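This report describes one part of a protein model.

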Amino acid sequence: TLPIATAGAGGSLLDGTVAQALLGVPGRVKQQSILGQAARGDLVGVRKDATQTAGAWQVDGVPLSFPFYPSSRWGYRLFSPADVERATMPLEYVLEHRNRPLLDRTFQDMRALADRHGFSVTVMVAPSAARLHGAAFDEFPELSPQPHFIDYVLAQARKSGFETLDLYRALVPFAESELLYYRDDHHWNEHGNEIVAQIIESALEHH
C-alpha cells in the first residue's frame, strides 16, 4: 500500500487536475474524482492487485478503470489504459493495423483536394500523456523505443508533400521540468496549452 499524502514536492493531490481547474464550479467532478477523494482523506491508499491483469489498480479494494501511477517527482496520475497500451506497441502494430490503409487513403485524398483547390496542408501530431510522461512514473509499462504511430503519420504527411509539426519532440524539453497534462484527464493543462500555442505560433511565423 502506498500512502496518499501529496501529489509531489509541496503540492496537494488536486494540483494540476481538472478538479482544481473547476474549483469554482460546484458539481460532481471534484467530489467524485479519485484524486479529489484522496485529497479529502476518503481513500486510504493505492496498491497494485497481483490478481488483476497488468496495469489494473485498486483503491481501497475497488478496481479502477484507469491506472493510478505514482511518481516520486510528480506524485500520482491517472492514465488512459488505451493510451498506455498503444504507447507500448511495436512498429508492427502500426504497420499491420486494419485502419492503416484507410489512413494512407486519407493522405492521398487530401493531396488530391489540395492540388485541386490550391491550398496548403500542415499536419500536426500530438503525443498522449502516456507517451510524453509515462516513463517518469513508477511501474509504468515499458514504452516502445520510438513513437511509431507519430512517426508513421509524419512520414506519410511528408511523402504527400505536406508541412509537418511534431509536437511530441517539441514538447519533450518542457515535459522534463513539468507535467503538461491534467493529472486526472488526457487533455493539456492550462500551461500545457500555452506552450503548445507558442510552439504553433512560432511555427507559423517561420512558415
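Ser-160 counts as buried, because its relative accessibility is 15% and the cut-off for buried is under 20%. The model is a predicted one. Ser-160 sits in the loop between α8 and β8. Apart from neighbours within four places in sequence, Ser-160 is in contact with Phe-107 and Arg-111.

## Helices α6 and α8

Helix α6 covers residues 100–117 and helix α8 covers residues 148–159; their axes come within 10 Å and cross at roughly 35°. The crossing of α6 past α8 is right-handed. On the α6 side, the contact is made by Arg-100, Leu-103, Asp-104 and Phe-107. On the α8 side, Phe-149, Tyr-152, Val-153, Gln-156 and Ala-157 take part. Sorted by type, the residues of this contact are six nonpolar, one polar and two charged.

## Salt bridges

The count of salt bridges comes to five. One of them joins Asp-104 to Arg-100, with the closest N and O atoms 3.3 Å apart. These two residues are separated by about one helical turn, because they are four residues apart in helix α6. Asp-104 counts as buried at 15% relative accessibility, whereas Arg-100 is partly exposed at 27%.

Asp-109 forms a salt bridge with Arg-105, and here the closest N and O atoms are 2.9 Å apart. Both residues lie in helix α6, four residues apart. Asp-109 is partly exposed, with a relative accessible area of 36%.

Arg-111, a contact of Ser-160, forms a salt bridge with Asp-115, the closest N and O atoms being 2.8 Å apart. Arg-111 and Asp-115 are both in helix α6, about one turn of the helix apart. Arg-111 is partly exposed at 26% relative accessibility, while Asp-115 is exposed at 54%. Elsewhere, salt bridges that share partners link Asp-151, Asp-166 and Arg-169 into one network.

## Thr-164 in strand β8

Strand β8 spans residues 163–166 and includes Thr-164. Thr-164 is partly exposed, with a relative accessible area of 23%. Not counting residues up to four places away in sequence, Thr-164 touches Thr-122, Val-123, Leu-154, Ala-157 and Arg-158. Although Thr-164 and Thr-122 are 42 residues apart along the chain, their C-alpha atoms are separated by 5.3 Å. With Arg-158, the side chain of Thr-164 makes a polar contact, side chain to side chain, at 3.3 Å.

Key: Residues are numbered from 1 along each chain as its sequence is written. This is a predicted model: local features need pLDDT of at least 70, side-chain atom pairs count only at pLDDT 80 or more; totals for chains, interfaces and linings use all residues. Side-chain values use heavy atoms; hydrogens and water are left out. Buried means under 20% relative accessible area, exposed over 50%, partly exposed in between (1.4 Å probe, protein chains only). Contact means heavy atoms within 4.5 Å. A polar contact is a pair of N or O atoms within 3.5 Å; within protein, one must be able to donate a hydrogen and the other to accept it, and residues adjacent in sequence count only if both atoms are side-chain atoms. Axes are lines fitted to C-alpha atoms, for helices over the stretch in contact, and angles run from 0 to 180 degrees between N-to-C directions. A crossing is left-handed if the near helix is turned anticlockwise from the far one by less than a right angle, and right-handed if clockwise. Ala, Val, Leu, Ile, Met, Phe, Trp, Tyr, Cys and Pro count as nonpolar, Asp, Glu, Lys and Arg as charged, and the others, Gly among them, as polar. A salt bridge is a side-chain nitrogen of Lys or Arg within 4 Å of a carboxyl oxygen of Asp or Glu.
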